[in-house]
Amino acid sequence: VVYYFWAALRLGAPERPVAFSVPTGNFGDVFAGYVAAQMGLPIAQLIVATNVNDILHRALSKGDYSVSTVTPTAAPSMDIQVSSNFERLLFDLEGRDGSTTGARMKWFEHTGKMVLSSDMRRKAALFTSARTDADEMTNAMRWAHDHAGQIIDPHTAIALHAARTSGLPPEIPVVTLATAHPAKFREAVERATGIRPTLPA
């Protein structure tokens, strides 16, 4: 939560709203942004950036939270089908009713499917989502290097692509959260940029 306040205050909050694009497999990091917004931080939008394993994108955009087959990618922290911490948001959207959320999660464990009602999605309007494929991820790593002088990892690249295609007005800055050192993903970074990142001391 502190990260969101720290970044937003340096970009003009509370007088200026700020958006965040968050590489998301498990939901804890972006949920922290939601908590910051509940505390009064003027967050214009929280972009849930996923790869092709897009259960969260499907849930937020269509209400379809259903398990599919995991596709291995160069962003392994997103190669999941059940997003831990997502039930924290569900709990809030359902009026903080633990028994209702518990029953919903038991049903999901049994069936592998869950539907988010239009009312729940309306209450979650602070969140948008984006799905990034392998080529878009590679292009984002290349763009970060060529245009911003930054070497970034695949997860961060997915969030950067989502940020750059968000359609937000230019007066709202978008912070892309970076989640890993590029040296952890040397082959993917080298394929995208031609540079093999070195391990830090």
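Which kind of contact do the side chains of arginine 58 and aspartate 54 meet in? They meet in a salt bridge, with N and O 3.0 Å apart, the term standing for a side-chain nitrogen of Lys or Arg within 4 Å of a carboxyl oxygen of Asp or Glu. The model is predicted, so local features need pLDDT of at least 70 and side-chain atom pairs count only at pLDDT 80 or more, while totals for chains, interfaces and linings use all residues. Residues are numbered from 1 along each chain as its sequence is written, and side-chain values use heavy atoms, with hydrogens and water left out.

Side chains of opposite charge can pair when their charged atoms come close. By the rule given above, the count comes to nine salt bridges. Arginine 58 and aspartate 54 are both buried, where buried is under 20% relative accessible area, exposed is over 50% and partly exposed lies in between, for a 1.4 Å probe and protein chains only. These two residues also belong to a network of salt bridges that links Asp54, Arg58, Asp64 and Arg131.

Elsewhere, arginine 96 forms a salt bridge with aspartate 92, and their closest N and O atoms are 2.4 Å apart. Arginine 96 is exposed, its relative accessible area being 55%.

A further salt bridge joins the side chains of aspartate 119 and lysine 123, at 3.4 Å from N to O. Aspartate 119 and lysine 123 are separated by about one helical turn, because they lie four residues apart in helix H6 (residues 118-123); a helix here is a DSSP run of H or I with at least four residues, numbered from the N terminus. Aspartate 119 is partly exposed at 34% relative accessible area, and lysine 123 counts as partly exposed at 43%.

Technical notes: Helix = DSSP H or I, 4+ residues; strand = E, 2+ residues; numbered from the N terminus.
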